[in-house]
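Student: I would like to learn how to read the surface and the ring contacts of a protein model, one feature at a time. Could you show me the structure and begin with a patch?

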Amino acid sequence: MQNETLFYQSGSAKYWLVLLCAAKNILYIAAAALSFSLWFASTVNTPNRLETLEERITLINAAQSRIEGRLEFALEDLRFLKNSMNKK
C-alpha cells in the first residue's frame, strides 16, 4: 500500500502538472502564431518596399546625372580658362 503512493500522483499534483502542460502548449501556439504573422507581414510588404526603393534609386540616378553634367560644364570652363591663361 505504501508503494502505491510513490508511483501514483496525488490529485492536486496531477492537476498542477496538467495546468503546466496546458500553459506550455498555449505558449507554443502563441509563438507559432506570432512567427507566422511576422512572416506573413514581411512577405506582403516586401513588394511595396521594393517599389519605393526602385523609385528612390531612379530619383538618385537622375540627380546624379544632372550633377555629372554640371561638373562636365564646369571642367570645360576650367580647361578653357587654363588654356587661355597658358597662352598669355
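Tutor: Phe-36, Trp-39, Phe-40 and Val-44 form a nonpolar patch on the surface, and together they have about 450 Å² of accessible area. Such areas come from the Shrake-Rupley method with a 1.4 Å probe, and for residues only the protein chains shown count as cover. A patch is made of residues with over 30% relative accessible area and no salt bridge, where nonpolar side chains (Val, Leu, Ile, Met, Phe, Trp, Tyr) are joined within 5 Å and like charges within 9 Å; a salt bridge is a side-chain nitrogen of Lys or Arg within 4 Å of a carboxyl oxygen of Asp or Glu.

Student: What should I know about the origin of these values?

Tutor: This is a predicted model, in which local features need pLDDT of at least 70 and side-chain atom pairs count only at pLDDT 80 or more, while totals for chains, interfaces and linings use all residues. Residues are numbered from 1 along each chain as its sequence is written, and side-chain values use heavy atoms, with hydrogens and water left out.

Student: How many aromatic pairs does a search of the whole structure find?

Tutor: A pair of aromatic rings is described by the distance of the centres and the angle of the planes. Rings of Phe, Tyr and Trp (its six-membered ring) pair if their centres lie within 6.5 Å, with planes under 30 degrees apart counted as stacked, over 60 as edge-to-face and the rest as tilted. The search finds four pairs; one of them, Tyr-15 with Trp-16, is edge-to-face at 5.6 Å centre to centre and 70° between the planes. The planes of Trp-39 and Phe-40 stand at 50° with ring centres 6.5 Å apart, so that pair is tilted, and ring pairs link Phe-36, Trp-39 and Phe-40 into a cluster.

Student: Which secondary structure holds Trp-39?

Tutor: Helices (H or I, at least four residues) and strands (E, at least two) are DSSP runs, numbered from the N terminus. The chain has two helices and zero strands, and Trp-39 lies in helix α2, residues 11-87.
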